[in-house]
Amino acid sequence: MNYLSIEKLSKQFGERHLFREISFGISQGQKVALLGINGSGKSTLLKIIMGQIEADEGEVSFRKDIRVAFLGQNPDFMPNHSILDAIFDGDNKELAIIREYEYHLHRSEQHPESQEKLMELIGQMDAAQLWDFESYVKQVMGQLGIHDTDRIIESLSGGQKKRVGLAKVLIQKPDFLVLDEPTNHLDLETIEWLEQYLSTQNMSLLLVTHDRYFLERVTNEIKELSGEALHSYKGNYSYFLEKKAERELQEEVEIGKARSLMKKELDWIRRQPKARGTKAKYRIDAFEATKEKAHKKVDKSQMKLEVNGRRLGGKILELDHISKSYGDLQVIQDFSYIFKRGERIGIVGKNGVGKSTFLNLLTGSLSSDTGKVEKGGTIEFGYYTQDELDFKPGQKVIDIVKEIADVVTMGKGQQVSASQFLQHFQFPPKKQHDFVEKLSGGEKRRLQLLRVLIGNPNFLILDEPTNDLDLTTLGILEDFLQHFQGCILLVSHDRYFMDRLVDHIFVLEKEKPIKDFPGNYTQYREAKLAEEQSKESTQDLKAKTEPKSEKTKTVQKRKLSFKERQEFEGLEKEISDLEQKKERIVEQMNIGSGSHDELMTWGRELKELDVEIEAKELRWLELSEIEG
């Protein structure tokens with residue numbers, strides 16, 4: 001049963017065709033990802049599907065009896081609305097009742113009129129059986145970190161607006177959900193929750209994302225916009241990569257055969273007398289079709305990011321007891337660290353804990369309250385920020401690059417012009433003379449990254465560099481960073497990107513000292529999960545055994561039997577041995593060199609050890625009370 005049907009859809013801007021006569025359908029429960037390079041038309045296609053812009057040709061139709069929700073890259077709200085107004089904006093009667101209930105519940109302590117209205121709304125909630133729905137709404141808002149619903153939209157950051165937008169579409173419980181880059185601006189924990197949520201909900205899904213773990217775990221079909229056509233792959237991201245490689249190889253073979261045949265057909269056409277031209281019209285038509293295929297290009301272009309890095313001296317960057325506060329909120333607490341040559345460090349933490357503040361302290365654009373930051377004499381920062389690309393109206397792509405350098409020194413010492421360097425970044429000569437304002441979001445990001453790299457930095461600080469970049473560009477950027485000889489400090493919500501590039505992680509938590517974890521992001525999450533499970537097991541065991549331990553206090557005193565005395569004397573050594581075993585496992589996990597399977601095994605062993613130690617300690621206490 002198709003929830004969405006697309007028939008022969010075409011769209012072009014000026015002379016450029018984004019796609020021609022593409023057709024597909026999405027049925028109930030299908031979770032489809034739309035992929036393609038920056039500028040291929042992904043966001044345009046979503047907007048056509050949602051009726052925000054018109055196609056040149058073709059039809060889009062949704063099943064009439066389903067609820068559809070859409071979240072674009074930059075959610076659009078009334079700037080003077082509160083968060084509560086924005087989330088519950090719409091014509092859904094159930095949500096309107098819940099919105100009124102939440103509003104008056106929040107005001108009821110200080111406003112008598114809200115107390116009276118609340119009693120009326122409680123009756124409406126009962127009559128419509130909305131308490132479970134209201135609980136679901138609160139759960140979604142809580143998971144997305146939305147608490148102060150009185151805040152005005154125009155006071156929110158881009159990431160906060162994204163969370164409000166997600167809350168709005170999710171609480172509608174749509175049958176069909178369309179998302180454009182839903183993970184941008186979200187912290188890693190929220191992305192993991194959203195990934196789990198979408199993968200378990202019985203809804204149809206069409207999304208654009210570059211998050212490869214997200215693609216792997218959420219989607220069951222991938223559609224790729226490439227060469228003005230749409231290619232479909234039934235399966236997740238791993239399957240897509242395999243089948244795409246097969247398709248491109250087949251296309252190269254077909255193009256090669258077409259070019260060979262075209263040469264023969266061209267020779268035949270040139271040798272035919274004009275009077276006989278109409279007698280072989282079918283062959284001439286076939287030649288035109290062959291000619292079109294022969295001139296088709298398989299896009300194999302790649303960015304070759306081989307800029308010449310500056311020499312690193314002995315002293316890199318030293319942080320000596322730095323702290324930073326905003327009013328009563330302490331963001332960075334007495335942190336010291338000496339950076340070493342070639343280090344690759346990731347930074348993780350929820351939104352608002354101070355990741356960008358920390359980066360700005362390092363670069364000197366922000367001063368610390370205490371301590372000092374000492375930069376080595378040879379250090380040249382390359383700082384890629386989340387700020388939008390700064391350009392003047394009417395400025396062209398080539399002008400943006402020439403502001404930094406007319407000539408760029410590449411990795412092996414050879415020099416190339418700014419125009420040649422732009423081609424390495426997939427900006428062909430024609431594109432170089434486009435106005436910057438006409439570029440897609442991903443193309444602007446790519447241009448911004450280029451401007452950072454041509455300064456020949458030897459210490460790269462990258463604050464969310466993956467936002468809006470396509471998967472091809474991401475892969476090439478990863479390859480470059482793997483071969484980069486300088487230091488890298490990376491903030492990214494892209495877990496795959498982080499796993500591939502960093503050696504250890506700075507963990508930032510609200511009003512806590514910065515922790516240094518020895519491993520990549522996945523290792524950090526697995527270690528954290530094992531720790532949480534261990535705590536939960538200990539708490540569960542205490543809850544079960546506490547009534548029993550209370551009972552032992554009322555038991556009439558007696559002497560230990562011979563067998564109990566032997567048990568009592570042996571328990572101390574057993575507990576000590578178990579504690580030592582636990583310490584060894586924790587040390588192995590902290591080293592961070594274990595595989596995924598080893599980390600999971602160690603986590604299970606820790607959990608079992610905690611349960612065993614707790615039981616033996618309780619037994620020792622019980623026997624010691626009898627002993628007196």
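This is a predicted model: local features need pLDDT of at least 70, side-chain atom pairs count only at pLDDT 80 or more; totals for chains, interfaces and linings use all residues.
Local features need pLDDT of at least 70 and side-chain atom pairs count only at pLDDT 80 or more, while totals for chains, interfaces and linings use all residues. Residues are numbered from 1 along each chain as its sequence is written, and side-chain values use heavy atoms, with hydrogens and water left out.

Start with the rings. The structure holds 19 aromatic pairs. Rings of Phe, Tyr and Trp (its six-membered ring) pair if their centres lie within 6.5 Å; planes under 30 degrees apart are stacked, over 60 edge-to-face, and the rest tilted. Tyr233 and Phe240 pair edge-to-face, at 5.1 Å centre to centre and 85 degrees between the planes. Tyr233 is buried at 5% relative accessible area, and Phe240 is buried at 4%. Buried means under 20% relative accessible area, exposed over 50%, and partly exposed in between (1.4 Å probe, protein chains only).

Phe335 and Phe506 are also edge-to-face, with centres 5.4 Å apart and planes at 80 degrees. Phe335 lies in strand 11 (residues 329–338) and Phe506 in strand 19 (residues 504–507), so the pair ties together parts 171 residues apart in sequence. Strands (E, at least two residues) and helices (H or I, at least four) are DSSP runs, numbered from the N terminus. Both Phe335 and Phe506 are buried.

Now the charges. The structure holds 37 salt bridges, each a side-chain nitrogen of Lys or Arg within 4 Å of a carboxyl oxygen of Asp or Glu. Glu189 bridges to Lys528, with the closest N and O atoms 2.9 Å apart. Glu189 is in helix 7 and Lys528 in helix 18, 339 residues apart. Glu189 is partly exposed at 32% relative accessibility.

Arg525 forms a salt bridge with Glu192, also with closest N and O atoms 2.9 Å apart. Arg525 lies in helix 18 and Glu192 in helix 7, so this pair ties together parts 333 residues apart in sequence. Arg525 is partly exposed at 23%, whereas Glu192 is buried at 18%. Elsewhere, Arg212, Glu478, Asp479, Asp494 and Arg500 are linked in a network of salt bridges.
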